[in-house]
Every structure is written in structure tokens, then in C-alpha cells.
Protein chains: 2
Amino acid sequence: MTDFNLECPVTGYANTDVITLSHGSGGESTQRLIMNMFAKAFPNLQTDTDGAGILCGRTMAFTTDSFVVDPIFFPGGDIGSLSVHGTVNDLAMMGAKPLYLSVAFILEEGFLLKDLQTIVTSMSAAVKEAGVSIVTGDTKVVEKGHGHGIYINTSGIGMVLAPVAPNPDRIHVGDKVIISGDVARHGMAIMSARNGIEIDPPIFSDSASINRSVMSLYDAGIHPYCMRDVTRGGVSAALNEIARARSTPIHIRISEESVPVEDNVRGLAELLGVDPLHIASEGRFILFAEPTLAKKAVNTLRKFPGGEKAAIIGEVVAEHTSGLVTAKSLLGSEKIIYMPAGEILPRIC
Amino acid sequence: MTDFNLECPVTGYANTDVITLSHGSGGESTQRLIMNMFAKAFPNLQTDTDGAGILCGRTMAFTTDSFVVDPIFFPGGDIGSLSVHGTVNDLAMMGAKPLYLSVAFILEEGFLLKDLQTIVTSMSAAVKEAGVSIVTGDTKVVEKGHGHGIYINTSGIGMVLAPVAPNPDRIHVGDKVIISGDVARHGMAIMSARNGIEIDPPIFSDSASINRSVMSLYDAGIHPYCMRDVTRGGVSAALNEIARARSTPIHIRISEESVPVEDNVRGLAELLGVDPLHIASEGRFILFAEPTLAKKAVNTLRKFPGGEKAAIIGEVVAEHTSGLVTAKSLLGSEKIIYMPAGEILPRIC
């Protein structure tokens, strides 16, 4: 973090320090902003997960997410379904059964009601599919030029089912790293739509609620030690966050070849010069499970739509204990998988 | 609702139907949008309060609000403290003790970190004062020109303390209508700041958390039958919403002269040609209590900062049962207090 002061100093901002797109990337700059500003101001902020465990009789999970995706309609989904999937998935990743959602709209003056109806209908279908209820909401409108059609915030509450919540600290050396399906589709679907690039066959976002997959793991007796949905920053960000979030950092080694990526997705990524490992999915997650259960977990995940290519992609090794993620090639060379820095694809969710 | 089809038809929007500023006003258009679009799509949406009662072991309250106030800094507060007060107050109005808050930022590229720090510090002070915790958050950044510096969503969870939750259906004929302090300060403070109008003495927003006032009522043995914070649309909107929200609508009659408004606030309202009854407060609420407890309620409220002018402003009468709010003057004439229509002051919260 040598460039620390360039982007988000601990205190004392100059009149020239500004928010950059990087601060919304989910990568390094976002982390710095969270740790140096928000975590200091909000001492109860739970920074290690995408939600918070709260107590109200029993342990509940609480999470929030704003959605600013551009374009709002994309192949395979829209900002409405995405805003339900994102919050449902954050709850599922905490080992919770998602129950209640709130929805808050920031609409831009001039936004088509027809489009809003389509989005709301799409949210309605998504909550039904996920088995959750939208119970409260809010609507604000800003003047033309002060928004971008529609921004949506969803917050969610779930009941924690896991006897011990999934947590990076529960990972052991030897645990297998599993991905719940092929990755990077969402990011590449957005980029193809945004730039009008026609791919054959077209790329559809993987945006989906993953709570049913997660629950089926529990039903099969598999209690993942740790789970993380693969969103902004892709597999790289998810693994780096986990490797570092532990009180004693770990070394995660993956095999890049074993990470499932569809040919059309890989093709567009190459065309745009981006690494599929850095690209967001919105219906996929990584889990850590003990080796004896790994195959069973993969088979369970493969039964769900989008999970056909679920696979073991790596394991936790004992070599480096500095919060490192590496990829070993078939030929034996090993490279570091860095936390994505800066903004790769702005407004992907 | 004769102009129904002009603004928000039940179905089948034309390509020319658009979102207008009215849809964010909290008035008629907002109500239509909620009832005709959102309530249909989200059958579990609880439209009668600003939050939702949820069950998780015991009854909890859940609410959400986005804040788009312009300007973000105003006399007496900023978007940060306002975003805490607003959600804390929504929970308090449900008879709940506010406990946990989430915060989600939508930041515009180029926004000053210094300003963000000021806002976050202000939120930090507000949560401390209200006795709540911010436990989870999210940050998104949009490109310059697609936001307005900063928008904040806060969602909140509280524990319902009232044995029977306050609810319009619990109001009886003869109940007194009480206001917790002088009104319309927030709206007029925003307008003075936005338009650079200098008032002597200056108008400061009343933005504040009201949960401690509410709890002190309960502690004093006063369980308000119904409560409503006076935000967008002012006293007029709050009373009209309550009069109509009942399964059997009621007639609320107030005395306009008894509604406390500071001289400088009234002066600016006259200058701008707006009715103080339509103007937002952000730290005031209306409650309905039985006549024998009304005076005690007023005395309890007067002990809190901003509550010095708490007063009985009206009562529930038996004359009209069509969800009517009227004001009777000292001379005996009576006028209807309508639900504000259209956008009076955009982006007041």
C-alpha cells in the first residue's frame, strides 16, 4: 500500500482529494476508503463480510447494496433482478436463509414508467424465485442530469442457519476451493451490451439467486467453512479478500485452467484485454470445504441451473502465510493473483 | 384521483409516460406510484407505515430511506446526520427501539473526500446520539454527471417495544392530535440555503433523532395510539395519510393557529408563497393520544431540545368519515387541509 496517500489518506484530506471511479471498484481503493474512513467512523461496522450478524432473539444477518449498473437492461437480466440477487446472495454467503428485503429507488426525472414497470416486474419474479419478501420501500426522484435513470438499493435480513457462520478463520490448510459454476459472464454481458459488441453465441449474465444452491449444500451435510460470492473484482478479489481477512493469513493456490469460463466469455475478455479472473459474476460463489466433501459439494452444485460447470479450482496450502493467492500452471510455473486495483469495469452492479 | 391516467396509470404505460419530480414528493403522485406499481409487484410490501414489522423470534421493525437532499450541507445539519435521523425516526414511529443501521453511499466521481469525511463524521455523531449502530455498508461510484455528489441510503432494524404497535386503526373519536415541537424548519432551512436567502435570525433545520422523546412517552405511561414523523409534505401529508390509512377513515380537525411555527420560518414561507403546513420537518412527529393523557404527553415532549413548543393542535371528530383533515379558524370558518399534490420542495431529504 505504498500509494496510500495518493488515494485515501488516513486523515486530513486536501481540497484536491476527490472520489475516483476506483473508489467504487470493490478493489484496493474501496478497501482503503472502508478501512480508513468508514470503519473509523462506524466502530460496529462489520467489514469482513458483505453483511452484518445481528442479534434479535436469535442471530440474524443484515446486509445492504446499492445498484447502479449501466446499462440497466442487459442480456440475461436487468437492474431490478440484479438488485434482488445481489442482496439475497450476500445473505446466503453468511449462511443465512434470506427472508425480508427493502427496496429504495432513486429515479431520475424523465425516466420511463414503462421501464420502471419492467424493472419492478423483474424484481417481483426474482423475489418469488428466491423465496423472499420485499416488505418496505422508499422512492426519491432527482432532477434530470443528477442520476442515470434508476439506482436501486436493497437491504436484506436473513436467519442464520449455519450453527457456526462461514468465516475465513474457519479455513484449514488442505481445504479445497470450489467454484459454483462458470465465471465472468455477468461482467462480459454488461460490456457486450454497453459497447454494442455482438458475440456469437451471445453472452448472457449469470445473475441469479444462489440461496437454493447454498441450502442444498447444507441439506447434503456440507457446511462450507467459508463462502464468498464472486462479484466486483471477480475470482481474484474474492480469493484475495478471503486470504487476507483471516487473523492468520493463508496461501490459496488455484489452477487457472480449472476455473470454468465459457468460450464466448473468454473470447470477449481477450478482445477487451481483461483477465476473466478479474471479471464479475452475479450468480456464482466460491466455497471452502474439507477434501473429503469437495466432490460431493461439486455434484450438489451441478444440479442447479448455471452450476453445470461447478469445479474444484484449488486448495489452501501451507507455503506462504502472507495472505497470498497464486495460480500454478500445468507446466509448473506459479504466478501471483493480485487483488484487482483501480476500476476494471465501472458500474457492473 | 381524476388525473390518474395523466401521471401513473394502473397498467400499460405509453412511451411518453415519464417519471416527474412529483413522483418523489411524498404526495399524491408518490402514493399512486406505490399503490399502482410497487404494491402490486410486492404483495408483502407494508404500505401503511414507513417501515415493516418483521418476525424473527420477536417482532422487529425494518425500514429503508434514500437521501438525496440538496444542498448536502445546510444550516443545522447535512445529508449524513439527516440520513441517520430519518431512519431512526421511522423506526421510532413504529414503536420500536432503533438498534442497527446499514449505510450505502452512491458517490459521484470527483466528490471531495474532505466533504465525505465531514458527512461520515456527522453520521457517526448522529448514531452515537441516537444509541444505534451502523453494522454494514456499501459504496458505489458513478461517473461525473450521473449523480449529485452524494446520495445515501440507510436501512434500519429496531425492536418493537409497544405491546400493540401504534397504528391509525387504533385512533378513536375524541383523541387529541399532538405535535412534538415547532414545524417546517427543515424545509425552510433547505430553501434558504439553496436560494441564498438570508433570514434574520437564520433558520436552522430541526433535523434530529426523536427516538428518545418517544421512549420518554412510553416511560411516562403514554402509549400513543398512532405516531407519524412530519417529513415530506409536512403536517398536511402526515395527517391526510393517517386519516386515509384507517380501515374506517376518520375526520381530523386541527386549529391552524395552534400549530407552532417560528416567526422567521413563517416569514420565509410567506416570501416563497408556501404553506408551512406543507413543509417538511425532520425532527418532529405527530401523535394521537387519549384526552386525559394529552397534557402529560405535551409536558413530556417539552423537556427535549426542539420540543419546547410541543402542543395539542387538534382532535379526532365524528363529523365526516371520509378521511378528511380540516382546520377551523378562531372565527369559526373551516377549510379542508388537502394532501399536498405535486412537488413543493424537491430533494428536501
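Modeller: Gladly, and let us begin with a term: a residue is buried when its relative accessible area is under 20%, exposed when it is over 50%, and partly exposed in between, using a 1.4 Å probe and protein chains only. By that rule B:Ser124 is buried, with a relative accessible area of 10%. This is a predicted model, where local features need pLDDT of at least 70, side-chain atom pairs count only at pLDDT 80 or more, and totals for chains, interfaces and linings use all residues. Residues are numbered from 1 along each chain as its sequence is written, chains are lettered from A and ligands numbered from 1 in the order in which they are written, and side-chain values use heavy atoms, with hydrogens and water left out.

Colleague: Thanks! Where does B:Ser124 lie, and which residues is B:Ser124 in contact with, leaving aside its neighbours within four places in sequence?

Modeller: B:Ser124 lies in helix 4 of chain B. Helices (H or I, at least four residues) and strands (E, at least two) are DSSP runs, numbered from the N terminus. Contact means heavy atoms within 4.5 Å. With those sequence neighbours set aside, B:Ser124 is in contact with A:Ala41 and A:Phe42.

Colleague: That takes us to the other chain. How many residues does the contact take from chain B and from chain A?

Modeller: It takes 76 residues from chain B and 75 residues from chain A. The size of an interface is often given as the accessible area lost when the parts come together. Buried area here is the accessible area (1.4 Å probe) that two parts lose on being put together, summed over both. For chain B and chain A this is about 7100 Å², with 67% of it on carbon and sulfur atoms. On the chain B side, B:Ile19, B:Phe42 and B:Leu113 supply 10% of the area buried against chain A, more than any other three residues.

Colleague: How many salt bridges does the rule find across the interface of chain B and chain A?

Modeller: Here is the idea: side chains of opposite charge can pair when their charged atoms come close. The rule asks for a side-chain nitrogen of Lys or Arg within 4 Å of a carboxyl oxygen of Asp or Glu. It finds 6 across the interface of chain B and chain A, and 24 in the whole structure over all chains. One of the pairs is B:Arg347 with A:Glu143, at 2.7 Å from N to O. Another salt bridge joins the side chains of A:Arg232 and B:Asp138 at 3.5 Å, N to O. That pair crosses between chains, from the loop between strand 9 (226-229) and helix 7 (234-245) of chain A to strand 6 of chain B.

Colleague: Are A:Arg232 and B:Asp138 buried or exposed?

Modeller: A:Arg232 counts as buried at 17% relative accessibility, and B:Asp138 is buried with a relative accessible area of 8%.

Colleague: Which parts does the salt bridge of B:Arg228 and B:Glu241 tie together?

Modeller: The closest N and O atoms of B:Arg228 and B:Glu241 are 2.6 Å apart. B:Arg228 lies in strand 9 (residues 226-229) of chain B and B:Glu241 in helix 7 (residues 234-245) of chain B, so the pair ties together parts that are 13 residues apart in sequence. B:Arg228 is buried too, with a relative accessible area of 11%.
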